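Here is a short tour of one protein model, written for someone who likes to check geometry against coordinates. Have the viewer open and follow along.

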Amino acid sequence: MKIAVIGTGQFARSFIALWQLHPAVTEVYACDLVLERAAEHQHQYGLAGTFATFEDALASDVDAVAIMTQRWSHGQLALQALDAGKHVYSAVPMAIEIDEIAAIVDTVAKTGLI
């Protein structure tokens, strides 16, 4: 599995190391609004690469995205990723609006994605 970490602030650092150790994860990528921070993570953690934008990550061949952004953005990013055919790992909460939560649950049920 190839995974793109979306948002590479302090919280993401612990998870990057865990995904690199997971036997099913073959490549980890970084994506951040601050391009230099994503590049730092690539260098520091030996990541497979970076994406300049979330849309670039969705257009790539990664299997999943890990959303580690500000909590208010999780719902919309998760829906975009699911619509793009990507599995989603989200920091909590998965969304903050009830309609986003319902849409995520419905999309997961329809697509079979996790």
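This is a predicted model: local features need pLDDT of at least 70, side-chain atom pairs count only at pLDDT 80 or more; totals for chains, interfaces and linings use all residues.

As for the interior, 41% of the 114 residues of the protein chain count as buried.

## Overall fold and dimensions

Five helices and five strands make up the secondary structure of the protein chain. Read from the N terminus, the elements follow the order β-α-β-α-β-α-β-α-β-α.

Along the principal axes, the C-alpha atoms of the protein chain fill a box of roughly 40 × 25 × 25 Å. The radius of gyration is 13 Å, which agrees with the value near 13 Å that a compact globule of 114 residues would have. Turning to contacts between residues at least 6 apart in sequence, 53% of them join residues at least 24 apart.

## Aromatic pairs: Trp19 and Tyr89

Now for the rings. The structure holds five aromatic pairs. In one of them, the rings of Trp19 and Tyr89 have centres 5.4 Å apart and planes at 85°, so this pair is edge-to-face; the cut-off for that class is an angle over 60 degrees. The pair links distant parts of the chain, with Trp19 in helix 1 (residues 10-21) and Tyr89 in strand 5 (residues 87-90), 70 residues apart.

## Aromatic pairs: Tyr29 and Phe51

Another pair is formed by Tyr29 and Phe51, with 5.1 Å centre to centre and 35° between the planes, and this one is tilted. Tyr29 lies in strand 2 (residues 27-31) and Phe51 in strand 3 (residues 49-51), so the pair ties together parts that are 22 residues apart in sequence.

Are these two residues buried or exposed? Tyr29 is buried, and Phe51 is buried as well.

Methods. Residues are numbered from 1 along each chain as its sequence is written. Side-chain values use heavy atoms; hydrogens and water are left out. Rings of Phe, Tyr and Trp (its six-membered ring) pair if their centres lie within 6.5 Å; planes under 30 degrees apart count as stacked, over 60 as edge-to-face and the rest as tilted. Helices (H or I, at least four residues) and strands (E, at least two) are DSSP runs, numbered from the N terminus. Buried means under 20% relative accessible area, exposed over 50%, partly exposed in between (1.4 Å probe, protein chains only). The radius of gyration is taken over C-alpha atoms; the globule rule is 2.2 Å times the number of residues to the power 0.38. Contact means heavy atoms within 4.5 Å.
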